[in-house]
Every structure is written in C-alpha cells, then in structure tokens.
Amino acid sequence: MLKIRRATDRDWARLFSWRNDPEASANSFSGPVEIEEHLGWVKAVLADESILLLVAVEQSSGSSVGMCRIDRLKSETTDKKKRKDAPASFEVSIAVDSRFRGRGFGMQFLGSAFATFKSTEDARFVAKIKTKNVASLRLFVEFGFDFVEESDGVVVLAYERLKQP
C-alpha cells in the first residue's frame, strides 16, 4: 500500500535522484539537470499553487516510491478566450524509483494522485510520453487515458474527469 503526501523542500535530494535516474532521464523531455537548476525548480514548483507535486511512500517499509506532478497548463491561466464550458487542462507526469518499477506501484500511485487532486471544475488531464517509453504508455492507457495524437516520437494521451462535488 502507498501513502501519498505533498512534496516538501526536504524532498529535494530524492526528487533530484529520480530526475537524473538514467532511465527516467532518457524518457524525460529535459534530460539530466545540475543541482543548482534542480534546487531552483523545487523552490518554484513548491511555491506555485497551480502545481500539485506528490510523493508516494510504501507504508510497510517507509521507502519513497516516486513522484507525481499535476500542472495546470499555462495557457489555462493566461487564455482569456477559454470557453466557459471547456474543462480545465492539466499535464500529468509520474516517476517511479527504479527499485519499485514493474511492481504495480505506478497504477496505485496514479490512482491515489487523482484521488488527492481536488477540482471545483471539470478537468482534462494530458500526458505527453515518448513513444519508446512503453511502460508509461501502458500505465496511462490502462488507467483510462485516451490516445489524442502522436508526433515526432511523442504520444499525447488525455483523461477527462467531472468536477468533484
């Protein structure tokens, strides 16, 4: 079982390790980062109310399993022409520690992250995944994300959820 909590500034080293993990880095759009850049990123993300950054912890061992980030897409906060009935859009990203990959934690974590995420409006979640990242593609599709498009080695998947009462 996993316990989900909001990330804090004390998670910087763990987040740095996951971000620069060779497999995760190969599947990311930014690649490895230097410590100074990472520390600035952590500070900015934790201060940004439009981003939910979560850490999953395995309850039995207390080990950190991974992170999930849900970002309100920037066009959502700046686009004044957005239709009133259009759902809010968020990008979802997940990383699982290499020690826990292939054990079903990704599905559990994604489900818990969505249960933690509260919205007063309809929401559309988007995942952008490199085509070579088969594990992530499988995870998001099995969770219920639908294919939107594929271009330049990137697959876009989406999942819509009605607002929570």
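**Exercise 1.** Classify A115 by its relative accessible area, and state which element holds the residue.

Solution. Step 1: in this predicted model, the relative accessible area of A115 is 49%. Step 2: the class "exposed" requires over 50% and "buried" requires under 20%. A115 is therefore partly exposed. Step 3: the element that holds A115 is helix α5. Step 4: A115 can also be placed relative to I4, from which it is separated by 111 residues in sequence, while the C-alpha atoms of A115 and I4 are 9.9 Å apart in space.

**Exercise 2.** Find the geometry of the ring pair F114 and F143, and locate its two members in the chain.

Solution. Step 1: count the aromatic pairs; the total is 13. Step 2: for F114 and F143, the distance between ring centres is 5.2 Å and the angle between planes is 20°. Planes under 30 degrees apart count as stacked, so this pair is stacked. Step 3: F114 belongs to helix α5 (residues 105-116) and F143 to helix α6 (residues 134-143), so that the pair links distant parts of the chain, 29 residues apart. Step 4: F114 and F143 are both buried.

**Exercise 3.** Two aspartates, D21 and D152, lie in loops. Decide for each whether it is buried or exposed.

Solution. Step 1: D21 sits in the loop between α1 (12-19) and α2 (22-27). Its relative accessible area is 15%, so D21 is buried. Step 2: with neighbours within four places in sequence left aside, D21 contacts S98 and R101. Step 3: D152 sits in the loop between β6 (146-151) and β7. Its relative accessible area is 78%, so D152 is exposed. Step 4: the backbone of D152 has phi near 50°, which is a positive value in a residue other than glycine.

**Exercise 4.** Describe the overall fold, from the element order to the radius of gyration.

Solution. Step 1: the protein has six helices and seven strands, in the order β-α-α-α-β-β-α-β-α-β-α-β-β from the N terminus. Step 2: the radius of gyration is 16 Å, close to the 15 Å that the globule rule gives for 165 residues, so the protein is as compact as a globular protein of that length. Step 3: along the principal axes, the C-alpha atoms fill a box of roughly 45 × 30 × 30 Å. Step 4: of contacts between residues at least 6 apart in sequence, 61% join residues at least 24 apart.

**Exercise 5.** How much of the protein is buried, and what does its surface consist of?

Solution. Step 1: buried residues account for 42% of the 165. Step 3: for the charges, the mean positions of the 26 positive and the 24 negative ones lie 4 Å apart.

Methods: Residues are numbered from 1 along each chain as its sequence is written. This is a predicted model: local features need pLDDT of at least 70, side-chain atom pairs count only at pLDDT 80 or more; totals for chains, interfaces and linings use all residues. Side-chain values use heavy atoms; hydrogens and water are left out. Helices (H or I, at least four residues) and strands (E, at least two) are DSSP runs, numbered from the N terminus. The radius of gyration is taken over C-alpha atoms; the globule rule is 2.2 Å times the number of residues to the power 0.38. Buried means under 20% relative accessible area, exposed over 50%, partly exposed in between (1.4 Å probe, protein chains only). Contact means heavy atoms within 4.5 Å. Lys and Arg count as positive and Asp and Glu as negative; His and the chain ends are not counted. The place of a charge is taken as NZ of Lys, CZ of Arg, CG of Asp or CD of Glu. Rings of Phe, Tyr and Trp (its six-membered ring) pair if their centres lie within 6.5 Å; planes under 30 degrees apart count as stacked, over 60 as edge-to-face and the rest as tilted.
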